[in-house]
Amino acid sequence: MESSDTVDYIPIGYTYNFIGNTSGVKIIQHISNGGFAQVYKVSYGINNAIGCLKRVIVKNKQALNILRAEVDCMRILKDNSAHIVTYIDSNASRFDSNGQYEVLVLMELCEKGSLIDYMNTRLTNRFSENEV
């Protein structure tokens, strides 16, 4: 999937009025970024629940459709397993006049870090079959 090369970070304190049907999504902290996404710790809703916001800028409609399929998969699986990050809400909108789109995915915050970080702590003491 192609993403935009360089996109500014969302400022701390910035609030999205709505992401899907979820109101008041406020940026608390930039957590990480990778080849395709920026990840933020956010508060949202009336009770200021804590969550994670994944922001992806895609270059065209084809890439948007691929990302929509990923989001649809998260939506379908959200109630099926305690071992899958919980999807909360999402939104896609045109980002600029060059045909790029911004996709925002609001989900459960996993405060103990990423799966790859956890796997890296177990390089010498590999996971057992039961753990996997």
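Me: Of the contacts in the chain with a separation of 6 or more, what share comes from residues 24 or more positions apart?
Reply: The model is a predicted one. Two residues are in contact when heavy atoms lie within 4.5 Å. Among the contacts in the chain with a separation of 6 or more, residues 24 or more positions apart account for 46%.

Me: In what order do the elements of the chain run from the N terminus on?
Reply: The chain has 2 helices and 6 strands. Its C-alpha atoms fill a box of roughly 50 × 35 × 30 Å along the principal axes. From the N terminus on, the order of the elements is β-β-β-β-α-β-β-α.

Me: What percentage of the residues in the chain is buried?
Reply: A residue is called buried when its relative accessible area is under 20%. The chain has 132 residues, and the buried part of them comes to 33%.

Me: Is M74 buried or exposed?
Reply: M74 is found in helix 1. Leaving out residues up to four places away in sequence, M74 touches Y87, V105 and M107. Its C-alpha atom is 8.6 Å from that of I84, which is 10 residues apart from M74 in sequence. The relative accessibility of M74 is 17% and the limit is under 20%, so M74 counts as buried.

Me: Which class of accessibility does N91 fall into?
Reply: N91 lies in strand 5. Apart from residues up to four places away in sequence, N91 touches I19, G20, E102, V103 and L104. The relative accessible area of N91 is 30%, and values between 20% and 50% belong to the middle class, so N91 is partly exposed.

Me: How far apart are the C-alpha atoms of N91 and A69?
Reply: Along the chain, N91 and A69 are 22 residues apart.

Me: Is D79 buried or exposed?
Reply: D79 sits in the loop between helix 1 and strand 5. D79 and V42 are 37 residues apart in sequence, and their C-alpha atoms are 22 Å apart in space. The relative accessibility of D79 is 67%, and the limit is over 50%, so D79 counts as exposed.

Me: With which residue does the side chain of Q100 make a polar contact?
Reply: Q100 is in the loop between strand 5 (87–94) and strand 6 (101–107). Q100 counts as buried because its relative accessibility is 12%. At 2.5 Å, the side chain of Q100 makes a polar contact with the side chain of D96.

Me: What is the phi of N48?
Reply: N48 lies in the loop between strand 3 and strand 4. N48 is not a glycine, yet its phi is positive, at about 50 degrees.

Me: How many disulfides does a search of the whole structure find?
Reply: A disulfide needs two cysteine sulfur atoms within 2.5 Å. For C52, the nearest cysteine sulfur is that of C110, 7.5 Å away, so C52 is in no disulfide. For C73, the nearest is again that of C110, at 16 Å, and C73 is in no disulfide either. Over the whole structure, the number of disulfides found is 0.

Me: Which class of accessibility do C52 and C73 each fall into?
Reply: C52 has a relative accessibility of 8%, so C52 counts as buried. C73 has a relative accessible area of 39%, which means that C73 is partly exposed.

Me: How much space lies in the largest pocket?
Reply: Rolling a probe the size of a water molecule over the atoms shows where empty space is left. In the largest pocket, that space is about 1,200 Å³.

Me: Which residues lie nearest the centre of the largest pocket?
Reply: The elements that each supply at least two residues of the lining include strand 2 (22–33), helix 1 (61–77) and helix 2 (115–120). The lining has 32 residues, and those nearest the centre are V85, C110, G113, S114 and L115.

Notes: Residues numbered from 1 in each chain as written. Predicted model: local features only at pLDDT ≥ 70, side-chain atom pairs only at ≥ 80, totals over all residues. Heavy atoms only, no water. Helix = DSSP H or I, 4+ residues; strand = E, 2+ residues; numbered from the N terminus. Buried < 20%, exposed > 50% of the residue type's maximum accessible area, 1.4 Å probe, protein only. Polar contact = N/O pair within 3.5 Å; in protein donor to acceptor, adjacent residues only side chain to side chain. 1 Å grid on protein atoms, 1.4 Å probe; cavity = no way out; pocket = protein on both sides within 12 Å on 5 of 7 lines; lining within 4 Å. Points joined across faces, edges and corners; volume = space filled by probe spheres on them.
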